[in-house]
Amino acid sequence: MARGKTEKLGNILKNVLSRRAIAGNYQVHQVRHSLGAILSKKEEKHVLLGGIRNGCLTLLVDSAPLVYEFEAFRSSEILEDLVKAGHKGIRKIRFEFNSNQK
């Protein structure tokens, strides 16, 4: 930051949290929020965020046919929208079937 300039509080927090252990939880929360805007209400009922590891976002889906549908038709679109929303660290999305999901 240049001398005499101010920085947005959100940018300061993002920089501080990225260096801490809680950064992962912060990132998951932010991605969950972004997914709410990207997925339709119908899709949102069937998808849970599994986690983020090494740039791969895992989404848990409660229906095997929906897993195929997401992989075949929505994966690249969701990834592009997440990157546009500022989640540049996510490079891949993996969909997994989760029969235990309500």
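# Close-up views of a predicted model

View 1. Helix H4 covers residues 64-84, which makes 21 residues; at 1.5 Å a residue they should span 30 Å, and the end C-alpha atoms, 28 Å apart, agree with that. The model shown here and in the other views is predicted. H4 is kinked by about 70°, with the kink centred on Arg74. Just after the helix comes Gly86, whose phi is positive, at about 105°.

**View 2. The buried side of H4.** Which residues of H4 are buried? They are Leu66, Val67, Phe70, Arg74, Ser75, Ile78, Leu79 and Leu82. An α-helix has 3.6 residues a turn, so residues three or four places apart point the same way.

**View 3. The largest nonpolar core.** This core holds 19 residues, and Ile78 and Leu82 touch the most other members. Two or more residues come from each of helix H2 (23-38), strand S1 (47-53), strand S2 (56-61), H4 and strand S3 (92-97). H4 gives the largest share, six residues. In soluble globular proteins, nonpolar side chains tend to be buried together.

**View 4. The surroundings of Leu82.** Which residues does Leu82 contact, leaving aside neighbours within four places in sequence? The contacts are Val31, Ser34, Leu35, Ile38, Leu57, His87, Ile90 and Ile93.

**View 5. The three-stranded sheet.** The strands form an open sheet in the order S1-S2-S3, with mixed pairing. S1 and S3 are the edge strands, each pairing on one side only. From one strand to the next, the twist averages 25°. H4 packs on this sheet and touches S1, S2 and S3; its direction makes about 160° with that of S3. Strands of a sheet pair through backbone hydrogen bonds, either parallel or antiparallel.

**View 6. The S1-S2 hairpin.** S1 and S2 run antiparallel and are joined by six bridges. Two residues lie between them in the hairpin, and Asn54 in the turn has a positive phi of about 50°. Gly51 has Thr58 in S2 as its bridge partner.

**View 7. S2 beside S3.** Are these two strands parallel or antiparallel? S2 and S3 run parallel, and six bridges join them. Thr58 stands opposite Arg94 in S3. Thr58 is also the bridge partner of Gly51.

**View 8. Lys92 in strand S3.** Lys92 is found in S3. Not counting residues up to four places away in sequence, Lys92 touches Gly55, Cys56, Leu57 and Leu79. Lys92 and Ile52 are 40 residues apart along the chain, and their C-alpha atoms are separated by 9.8 Å.

**View 9. The whole protein.** The protein has four helices and three strands. From the N terminus on, its elements run α-α-α-β-β-α-β. Of its 102 residues, 33% are buried. Among contacts with a separation of 6 or more, 59% join residues 24 or more positions apart.

Note on methods
Residues are numbered from 1 along each chain as its sequence is written. This is a predicted model: local features need pLDDT of at least 70, side-chain atom pairs count only at pLDDT 80 or more; totals for chains, interfaces and linings use all residues. Side-chain values use heavy atoms; hydrogens and water are left out. The expected span of a helix is 1.5 Å times one less than its number of residues. The bend at a residue is the angle between axes fitted to the seven residues ending there and the seven starting there. Buried means under 20% relative accessible area, exposed over 50%, partly exposed in between (1.4 Å probe, protein chains only). A nonpolar core is a set of buried Ala, Val, Leu, Ile, Met, Phe, Trp, Tyr and Cys residues joined through side-chain atoms within 4.5 Å. Contact means heavy atoms within 4.5 Å. Two strands pair if DSSP finds at least two bridges between them. Axes are lines fitted to C-alpha atoms, for helices over the stretch in contact, and angles run from 0 to 180 degrees between N-to-C directions.
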